[in-house]
Amino acid sequence: MAHSRPPFRADHVGSLLRSKPLQEARAKREKGAIGEEQLRDVENREIEKVIGKQEEIGLKLATDGEFRRAYWHFDFFSMLDGVELYELDHGIQFQGVQSKPQSIRITGKMGFSNHPMVEHFRFLKAHTRVTPKMTIPSPSVMHFRLEPGAVAKSAYPDRDAIFDDLAVAYQKAVRAFYDAGCRYLQWDDTAWAYLCSQEQLTKAKERGLDVDHLQETYTRCINKGLEAKPADMTITTHVCRGNFRSTFISSGGYEPLRFLPKGKKMVVVGLVTSKTGRLEPREEVKRRIEEAAKFVALDQLCLSPQCGFASTEEGNVLAEDEQWAKLRMIVELAGEVWGN
C-alpha cells in the first residue's frame, strides 16, 4: 500500500522552523548590515542543510522550508505583476495575537511573469534526491485577504473583478513551475476553513465580501487556474484554520472525509500538531487513522502534521529537534500503517 507518487504516505505541509543562522542573516539584512547577495548565500546554505535533513529522516519529498519567505502567502502574492506589499494599521487577528501589520494591494493588471519563486524551486530541485515539493497560496486566499480599498480603481472596478486575471495568472504559474521541473505543487488554502466558521464569515462580511457566494466564486477561479495542469503533475490543496506563533484563527468542523469519492483521490490527514513540541503517543495517532478509515478507504489516506511549522518567519513555539522528531515519527508510522 506504499504510494510512489505525491501526496506521499508520510508528507508535510511545507514550512519549517527558520534556522538560527538564517534568522541572524535576515536581521542583519533588515538593518542594512549585509546585502541581498550575502543573505542569499546564507539562505542557500541553510536550505541545503534542511533538504538534507528531510532526506535523512526518510521523507520522499523535500521543500525549501519556505526559508526565503517572511509569509507563506504575502511573499508569493506581492511578487505577482500588479501586486505590492504595504503597511496596515493592524495585522491578521489570531487567538490572542496579531501578525505583522502588512497586507497586499493591487495596483495594476495582475499577471505572472519573471516570478522569483520559480528560481527558488529550481534551486530546491537541483539540491535534492527526492521529490521537490513547491508550496504556493491558493488564489482564493488573495481575494479573501484583500482589505476594503486595496484594489486600485484604475486596474479593476472592485475586488470581485479580479478573478479572471487571477485565474490566468495561476495558469501561467502552473506552467512555469512545470517547465522548471515541478511535479508536486501544493496550493495552500485557509479560506475554505474560514468559510466553515460563522465568526470568520461575519468578519469577511464586514470587510465587504459577498459571503453567500464565495464558495461558488472560489471554486470557479480555482478550477480555471487548474485547467493548465499537465496530466503528470500533482496539485494538492492544504486546508487549515490558521497558524501563527502556535495560535489559530478559526474553529469549526471538518467534514471532507465523508464526501470524498472512492478512487484515486487522496486525503492527507494532519494528525500531528505543528504547534507544540509534545510528541503525540503513536498508538493515539494510529487510532485516529483508523477512525478516518471508517469513512475513507485506508489506501486513500496519508499522514502529515496539521500545518507547517513556520507559516511566517517567526515560527511556532517549539524547538527544531522537536520538529524533526515529529516528522521522523510520521515517516515511521506511515511505514507501519501502509508499508514502505
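User: Which helix holds Q171?

Analyst: Happy to start there. This is a predicted model, where local features need pLDDT of at least 70, side-chain atom pairs count only at pLDDT 80 or more, and totals for chains, interfaces and linings use all residues. Residues are numbered from 1 along each chain as its sequence is written, and side-chain values use heavy atoms, leaving out hydrogens and water. Helices are DSSP runs of H or I with at least four residues, numbered from the N terminus, and Q171 lies in α6 (residues 163-179).

User: Is Q171 buried or exposed?

Analyst: Buried means under 20% relative accessible area, exposed over 50%, and partly exposed in between (1.4 Å probe, protein chains only). Leaving aside residues up to four places away in sequence, Q171 touches K224, G225, E227 and A228, where contact means heavy atoms within 4.5 Å. With a relative accessible area of 11%, Q171 is buried.

User: Which residues does S19 touch?

Analyst: S19 sits in the segment before α1 (20-31). Its relative accessibility is 7%, so S19 counts as buried. Not counting residues up to four places away in sequence, S19 touches E46, F67 and E320.

User: How many aromatic pairs are there?

Analyst: Rings of Phe, Tyr and Trp (its six-membered ring) pair if their centres lie within 6.5 Å; planes under 30 degrees apart are stacked, over 60 edge-to-face, and the rest tilted. Ring pairs link F76, F77, F112, Y170, F177 and W187 into a cluster. By the pairing rule, the count is 10.

User: Why does the pair of F144 and Y194 tie together parts that are apart in sequence, and how many residues apart are they?

Analyst: The pair of F144 and Y194 is tilted, at 5.5 Å centre to centre and 35° between the planes. Both F144 and Y194 are buried. Because F144 belongs to α5 (residues 139-145) and Y194 to α7 (residues 191-194), the parts they tie together are apart in sequence by 50 residues.

User: Which residue has its charged end over the ring of F144?

Analyst: A charge sits over a ring if NZ of Lys or CZ of Arg is within 6 Å of the ring centre and within 35 degrees of the ring normal. For F144, the charged end lies 4.9 Å from the ring centre, and it belongs to R207.

Note on methods: Helix = DSSP H or I, 4+ residues; strand = E, 2+ residues; numbered from the N terminus.
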